[in-house]
Every structure is written in structure tokens, then in C-alpha cells.
Amino acid sequence: MSMKPWSAPALLDGAMGTELERRGARMDAPLWSAHALIEAPEMVRQIHLDYLRAGAQVITTNTFRTHARNLAAGGRAHEAAALTRLAVTLAREARELFKGEDPASAATARIAGSMSPLEDCFRPADSPGSRAGPEHRAMAETLAAAGCDLLLVETMGRVDEAVAAVTAGQGLGLPVWLAVVCRADGRMLAGEPLDELVAGLGGLELQALLVNCTELNFLPAAVSALVAAAGSTDMLLGTYPHTGHAAPGQFVTHAATALAFAGEVAALARAAGLHLVGSCCGSTPEWTEALGRELYPGTGARETARGLLAAAVPRRG
């Protein structure tokens with residue numbers, strides 16, 4: 001069954017890692033955002049709740065750095081499954097708290113279990129590539145058992161690991177989404193074109209394909225390549241770019257205001273007919289709220305988007 005076109009895109013949440021940092025959580029390497037699960041789980045729960053209050057229809061678990069390989073660098077590999085389960089629990093608790101404030105919106109809110117690259121997401125040359133499968137499968141099984149509504153393989157920079165991670169998510173009874181990082185020319189960070197990625201995913205169950213953690217200036221080329229590569233498939237398409245700009249020797253966190261960012265992303269989403277829209281590193285609940293205002297100018301558009309999302313992604317418990 002084809003799910004395109006959607007009359008209104010679903011609104012994804014924003015950053016977790018940089019938002020933890022902004023609120024004062026410990027963020028040093030190698031555990032990065034996983035520190036908060038150990039030291040400040042209430043902050044993680046609150047961030048999820050704040051994104052829901054800002055209008056997010058999908059919240060993403062704080063599991064970007066809870067796979068065993070990353071935790072091993074901090075001597076905590078044995079805690080990978082427990083921390084992943086905790087992250088899912090915190091997201092589910094936030095949704096339950098939100099239910100007391102807005103039962104209808106909470107009923108259609110969905111929880112995405114984040115599955116990240118096994119090495120630094122901006123150094124694709126370090127990736128184990130197709131050998132990453134077993135580690136991604138362990139993460140996928142833990143996320144599914146913990147109660148996510150969907151699996152989000154995100155911030156992938158090369159085809160082989162992306163395909164390995166999506167393969168790892170097969171057969172668990174959950175929709176799988178894939179988000180990749182693109183360069184200025186619309187190719188993945190490793191230089192591979194998106195049509196090569198789509199070809200590599202042939203035969204796999206993949207509900208959605210997105211571009212994430214990509215510079216706003218690169219987004220027109222990336223989204224154009226995404227739409228062209230997806231062709232006539234029935235995949236949902238989307239984007240959640242970061243808010244920054246890379247300059248020689250530095251990274252500017254907010255290259256645009258929340259309002260300007262929201263206007264540009266929403267306009268691009270409408271022009272391309274995207275189904276899923278959000279924001280990545282540097283964004284806050286304020287950015288999600290601004291994006292929602294731009295995406296849903298008409299009466300009933302937000303409710304329509306929630307209904308479309310709920311129909312595409314069944315809720316787990």
C-alpha cells in the first residue's frame with residue numbers, strides 16, 4: 001500500500017545531546033549523551049516531555065551512545081542493554097505524563113528507538129561497514145523488547161553500515177526508518193549517491209528514508225537527491241537538519257534563528273512533499289514549536305498529521 005502523498009507532514013522532535021548540554025548535563029567523551037542516563041535521567045525525561053509539549057509527534061530515545069562498543073570505551077559495555085532499556089522507559093514515562101495534559105496528542109505520539117553509527121558519525125571512514133550487523137542487531141532487539149514504536153537508524157554516513165543496520169532491524173515487528181547525513185553535493189558523507197543507497201536497501205522493509213544532521217545550506221541538494229533516489233517507491237520521506245554551519249576551524253551552533261530555520265525547512269518540505277520533518281543538533285523545544293507553526297498554518301492540519309502518523313506506525317502498549 002502506498003502512503004504517499006500525505007496532506008500534512010508529521011513533526012519530529014529536536015536535539016537530545018546538545019539540549020542535555022545546554023541544560024548542564026555532563027557530555028564528555030566517550031559516553032557523551034549516555035552520561036545523562038546514569039547521572040540525570042530525570043533531565044532526559046523532562047526533555048522528552050518538553051518536546052511533546054512543543055508539538056512533537058515523534059520523540060527519539062536517548063540511545064545514540066548506548067551501544068556496547070561506545071560504552072566499552074568508558075568501561076561500561078556490560079550496561080548497554082540496561083541503559084538502552086532505561087532510555088526507552090524514560091521516553092515512555094514522558095509520554096504517559098503528557099497524557100495527563102493532552103490525552104489526544106499523547107495517544108498519537110510515537111517513540112523512535114535511535115540506532116547510531118558504531119563509530120563517529122562524521123568520520124565514515126572509521127565505520128566497520130557491513131561487519132556492523134551483529135552489533136546493530138543487539139541494539140535493535142533491545143529497543144524492540146523495551147517498547148519502542150519504531151526503529152530509527154540515524155546519522156549514517158555510508159551505504160554499507162546503513163544497509164547493515166536496516167537489515168538488523170528486520171523481523172522485529174516494528175517499522176524501520178533510516179536517516180543519513182549528506183554533503184553539499186547531496187551525496188552521503190562517504191561520497192556515495194543516494195540512489196546507490198536505495199539500491200542497496202532493495203528487498204528490505206524500510207518505511208521511511210530521511211536526511212538528518214545535515215547543514216541547512218546543503219538541504220536543497222540533499223532533499224532533491226532524496227526524492228529522486230526514492231523514485232516511485234512508497235517510502236515516507238523526510239528531513240531533520242541540524243542548526244549549525246561548519247566554518248574553518250569552528251562550528252557555529254545556530255547559523256539561523258529558530259524562526260528563519262523553521263520557515264526555510266517548512267517551505268522545502270512543502271515543495272518536496274515530505275512526510276516527516278524535524279530538527280537535529282542545536283535545536284531546542286523552541287525550534288520544534290516554531291517548525292510546527294510553519295508546518296500547520298491551516299485549521300486541522302496538525303490533527304491530520306497526527307492521524308496519518310498513527311496509522312502508519314502502530315503504538316506498542
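Author: Happy to! Let me start with a term: a cavity here is a set of grid points where a 1.4 Å probe fits but cannot get out, and a lining residue has an atom within 4 Å of such a point. Please keep in mind that this is a predicted model.

With a threshold of 30 Å³ or more, the count comes to 2 cavities. The largest cavity has a volume of about 60 Å³. Its lining is made up of P117, E119, D120, C121, R123, P124, S127, T155, M156, G157, R158 and E161. Sorted by class, that lining has 5 charged residues, 4 nonpolar and 3 polar.

T155, which lines the largest cavity, sits in strand β4. The phi angle of T155 is near 60°, a positive value in a residue other than glycine.

Strand β4 covers residues 150–156, and helix α8, residues 159–168, lies across β3 (110–115), β4 and β5. Relative to β4, helix α8 runs at about 170°.

Now for the sheet that β4 belongs to. It is an open sheet of 8 strands, in the order β1-β10-β7-β6-β5-β4-β3-β2, with parallel pairing. At the edges stand β1 (10–11) and β2 (58–60), each with a single partner strand, so one side of each has no neighbour in the sheet.

For an open space, turn to the second largest pocket, with a volume of about 330 Å³. Of the 19 residues lining this pocket, L204, E205, L206, Q207 and D234 are the closest to its centre. The pocket lining is made up of 10 nonpolar, 7 polar and 2 charged residues.

Two last stops are worth a look in the loop between α1 and α2. P30 is found in this loop, and the peptide bond from A29 to P30 is cis, with omega near 5°. W32 is in the loop between α1 (17–22) and α2 (35–39) too, and the pair it forms with F64 links distant parts of the chain, 32 residues apart. F64 itself is in the loop between β2 and α4 (68–72). The ring centres of W32 and F64 are 6.0 Å apart and the planes meet at 70°, so the pair counts as edge-to-face. In the model, the count of aromatic pairs comes to 2.

Conventions
Residues numbered from 1 in each chain as written. Predicted model: local features only at pLDDT ≥ 70, side-chain atom pairs only at ≥ 80, totals over all residues. Heavy atoms only, no water. 1 Å grid on protein atoms, 1.4 Å probe; cavity = no way out; pocket = protein on both sides within 12 Å on 5 of 7 lines; lining within 4 Å. Points joined across faces, edges and corners; volume = space filled by probe spheres on them. Nonpolar A, V, L, I, M, F, W, Y, C, P; charged D, E, K, R; others polar. Pairing = 2+ DSSP bridges. Helix = DSSP H or I, 4+ residues; strand = E, 2+ residues; numbered from the N terminus. Contact = heavy atoms within 4.5 Å. Axes fitted to C-alpha atoms, helices over the stretch in contact; angles between N-to-C directions. Phe/Tyr/Trp six-rings, centres within 6.5 Å; stacked < 30°, edge-to-face > 60°.
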